[in-house]
Each structure stands twice: as C-alpha cells, then as structure tokens.
Amino acid sequence: MATAGAMPAVADRDMAWIPAGRFTMGSDDHYPEERPCRPARVDGFWIDRMPVTNAAFARFVAATGHVTVAETAPDPADYPGALPENLVPASLLFVQPSAPVALHGPITQWWQYTAGADWRHPTGPESSLDGLDDHPVVHVALADVEAYAAWAGLALPTEAEWEYAARGGLEGAEYAWGDVLMPDGKAMANTWQGAFPMENRLEDGWLRTSPVGTYPPNGHGLYDMIGNVWEWTADWWSLPGARIAAKSCCGGDRPRPPTEAGSVAPGDPIPIPRRVLKGGSHLCAPSYCRRYRPAARHAHPIDTPTSHIGFRCVYREGAGE
C-alpha cells in the first residue's frame with residue numbers, strides 16, 4: 001500500500017491523499033472530446049477535499065490585495081474591435097430565460113456579459129456574499145486561480161489527476177458514485193433537473209451554487225467533484241485522439257502533446273488559449289449537457305470568468321524543491 005507523502009504546510013487546509021495508480025481515462029460512450037478510452041497513470045498527490053470557497057478566497061485577497069480579472073477593465077489592445085461598453089470590469093453571468101429558447105442557438109440566450117459581476121458579487125452588481133461563505137468561489141479566471149495556488153504553495157491538478165481523484169476508485173463507473181445518476185431518486189450532486197435553460201425543478205434543492213460538502217463524498221472522501229462548479233485544471237485543451245508521427249526507430253505514433261498555442265479554438269479571431277475544465281456544474285442537465293461525469297471535459301478560454309466555474313488545488317511532494 002502506498003504511503004502518503006508529507007502533508008503540505010498550509011493552515012486550515014483539508015486535503016486527501018490520493019495514492020499513485022493506473023486507470024482508464026476518458027469515455028467512448030459520450031462526447032467526442034472524451035474519446036478514446038486510454039490507459040493513464042498518476043503519481044500520489046494531495047488534493048483539496050472541497051472546492052475553494054468564498055471564505056478561503058477572501059483570506060487570499062486580504063493577504064495579497066489580489067484584484068481578479070472580473071474586477072479589472074480589459075485592455076483595448078488585447079481585444080481589437082471590442083465595443084467600448086464591453087471594456088469594463090465584468091463577467092459572464094447565467095440568466096434564466098423567461099421564455100423558451102433554441103438549445104442549439106447562441107449561448108447569449110442564457111449567458112450575459114454583466115458589468116459588476118465578480119467573485120464578491122456573484123449574481124450581479126447588487127448582490128453580495130451574504131450567506132455564501134461556504135459556497136465555491138466563482139467568477140475566477142485562470143490568472144486568479146493560479147495566483148491563489150501560488151500563494152498557498154499549491155498547484156492546479158492535471159486533468160489526469162483530477163479525473164483519477166473524481167472516480168473515487170470506481171473503475172469504469174459512469175458517475176463518481178456508480179452508474180445511476182440519482183439512485184433511488186436521491187441527488188448525489190448539484191446539477192440541473194428539467195428542461196434547460198428555462199425550467200429547473202430544483203430536485204437537488206439549489207438553483208445556483210450550493211455549500212461545499214452538501215452531497216455525499218466519493219470513495220476518496222472528496223466532495224463536489226461532480227456538479228456545483230466546473231473546475232480549472234493545469235492542462236491546455238487538446239483532443240485525446242490527436243496523433244502525430246513519432247520520430248523514433250520504432251515507428252508508430254504517439255499522442256500529440258497539448259500546447260498553449262494549440263489550445264486556441266480554430267478560426268477564433270482573437271486567439272485566446274483554453275484550458276481543460278472538469279466536473280460539470282449546477283447548469284449541467286440531461287436535456288443539454290451530460291457532463292456531470294468524471295470523464296467529461298470542456299474547453300474554456302483562460303481570460304473568461306463565469307458564474308459556474310471554480311477550482312480546487314493539489315500538492316505534489318517535492319514540488320518547488
């Protein structure tokens with residue numbers, strides 16, 4: 001049995017040790033970007049049992065004076081052609097439509113670029129964190145979560161680390177708890193029930209984020225690995241099936257290594273790199289986005305905070321030595 005590495009010296013940090021191991025990563029049964037199933041291995045690491053909360057992020061901001069991306073006006077030089085009214089501190093906020101919309105239409109039908117929305121004002125400029133200390137922090141871009149991790153002496157998990165931890169020891173299971181989304185009708189995660197994005201039946205009790213630890217932990221004692229908020233990882237976006245000819249005596253091919261430049265969406269007029277998000281969120285629904293699974297993944301621009309993305313950290317023994 002693998003021995004746990006040294007616990008990181010971080011005050012008030014609740015982390016779980018994940019032993020080194022091998023597992024089958026991805027899925028051949030769902031979205032194309034999850035394919036193909038492939039063998040993966042991770043070394044042992046510590047991971048936060050829960051997503052970083054508003055209270056924890058507030059301690060970081062108080063200690064460092066960090067100003068998040070959502071609280072900073074974009075530089076016009078970085079966004080040529082942008083309308084002046086969009087060059088203000090803002091973030092993407094989910095707004096439930098009041099009338100039916102086409103699911104395959106523009107996402108602006110339910111996402112609004114909202115001035116004044118940020119981690120302190122999660123549902124818009126008039127909102128606050130009252131009663132939300134134990135909810136996951138949202139409206140954080142990659143620069144914000146990396147700054148937090150550096151301050152804490154930690155790092156973001158790789159996609160493989162994240163997925164291995166999320167599976168909780170259940171090799172091949174559909175979800176982090178088994179093969180049934182809601183066993184005996186019981187909600188196991190904060191997701192969307194109903195016809196997205198107009199109707200949420202709130203069978204899990206929450207329209208937006210929920211307090212971390214509301215739902216049962218997985219087999220590794222980790223909470224909210226599925227649903228609640230998407231989580232940033234350390235990996236640049238790429239497709240697992242992409243291959244490149246190997247320059248070796250043995251011939252064959254090998255996986256194409258993900259790169260920052262290669263993560264940009266093809267044809268994007270402003271080439272913004274993208275990272276892999278994992279876990280799905282409270283907006284994932286059977287009718288629209290079945291990404292409330294360990295194998296699921298999503299590409300997201302590094303400069304774009306939203307109301308449904310958060311993060312957790314890992315510690316690898318020997319990191320920084």
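**A buried histidine and a helix pair**

Mentor: H308 counts as buried, because its relative accessibility is 11% and buried means under 20% relative accessible area with a 1.4 Å probe, protein chains only. Bear in mind this is a predicted model, where local features need pLDDT of at least 70, side-chain atom pairs pLDDT 80 or more, and totals for chains, interfaces and linings use all residues. Numbering starts from 1 along each chain as its sequence is written, and side-chain values use heavy atoms, with hydrogens and water left out.

Trainee: Which side chain makes a polar contact with the side chain of H308?
Mentor: H308 lies in the loop between β11 (297-301) and β12 (309-310), strands being DSSP E runs of at least two residues and helices H or I runs of at least four, numbered from the N terminus. A polar contact is a pair of N or O atoms within 3.5 Å; within protein, one must be able to donate a hydrogen and the other to accept it, and residues adjacent in sequence count only if both atoms are side-chain atoms. At 2.7 Å, the partner of H308 is T306.

Trainee: How are α1 and α2 oriented to each other?
Mentor: Their axes, lines fitted to C-alpha atoms over the stretch in contact, are 11 Å apart. The packing angle is about 75°, on a scale from 0 to 180 degrees between N-to-C directions. Angles under 35 degrees count as roughly parallel, over 145 as roughly antiparallel, 65 to 115 as roughly perpendicular and the rest as oblique. So α1 and α2 are roughly perpendicular.

Notes
Buried means under 20% relative accessible area, exposed over 50%, partly exposed in between (1.4 Å probe, protein chains only).
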